[in-house]
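Hello,

Here is the structure you are taking over. My notes on what was found follow below it.

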Amino acid sequence: MKKLLLVFGLIFSQVTFAQTAKEIIDKNIELSGGLINWKLLNSVLLQGKVILGIKDEYPIKIYQQRPNLTKTLITTNGKETAIEGFDGTKGYAMNYAANKLQEYPEYVPESFDNDFIDWESKGFDAKYLGKEKVGEIYCHKVELTKNVNKNMYYFDTKTYMLLKEIKKDETVIYSDYRKVGNLVMPFRIESSSPKKDGDYVMILNKIDGNKAFPANIFKF
């Protein structure tokens, strides 16, 4: 009987965790603008500055459009330069050793939507791993798994906004959430990695949603 109760207890706890993970993700989507508004978002232009190291600071613009088009530009010495992007067919990134933009055949573009939108139909499994602090803020810890890839997400227990994301080789901190039309988005993004070679802090001052871009904006 004890073994039977233990089995039922394990099954119940797994079901509860699965439901809790789904509820947390659903709450994040709801409080950040709602599923319909996120799906109505077809393009976004982010503008601000990016800080590399201690002193290197550059104006930055990031164009993104469904399904996976993207282009990042920074301004140095008064000149705007593309450093990364995907035009729908080919991916590009700056080769700093050669000081030129080059095509990368193995470039994998990110989806316009984040992983939380329709996560189940995308093939993700979600698991609730309890609460953990990010700085001084208690967060719900949720793991999304797809094949061998596992990402960890930390949602503020009060606001349900995403505060931290841990990928395979990158940790991203999100803060300074503000309204952008009907949506809520972070205006400060900090990225760090074990190697420290790609660490940056991006501070945005403007985000435009559903902005009409020139037809050739994603050409390189």
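Predicted model: local features only at pLDDT ≥ 70, side-chain atom pairs only at ≥ 80, totals over all residues.

Residues are numbered from 1 along each chain as its sequence is written, and side-chain values use heavy atoms, leaving out hydrogens and water.

The chain has two helices and 13 strands (DSSP runs numbered from the N terminus: H or I of at least four residues for helices, E of at least two for strands).

Now the rings. There are six aromatic pairs in the structure (rings of Phe, Tyr and Trp, the last by its six-membered ring, with centres within 6.5 Å; planes under 30 degrees apart are stacked, over 60 edge-to-face, the rest tilted). The pair of F86 and Y107 is stacked, because the centres are 6.1 Å apart and the planes at 5°. F86 is in strand β4 (residues 79-86) and Y107 in the loop between β6 (100-104) and β7 (125-134), so the pair ties together parts 21 residues apart in sequence. F86 counts as buried because its relative accessibility is 6% (buried is under 20%, exposed over 50%, partly exposed in between; 1.4 Å probe, protein chains only).

F213 and F218 form an edge-to-face pair, 6.0 Å centre to centre with 70° between the planes. Both are buried, and ring pairs link F213 and F218 with Y63 into a cluster.

Regards
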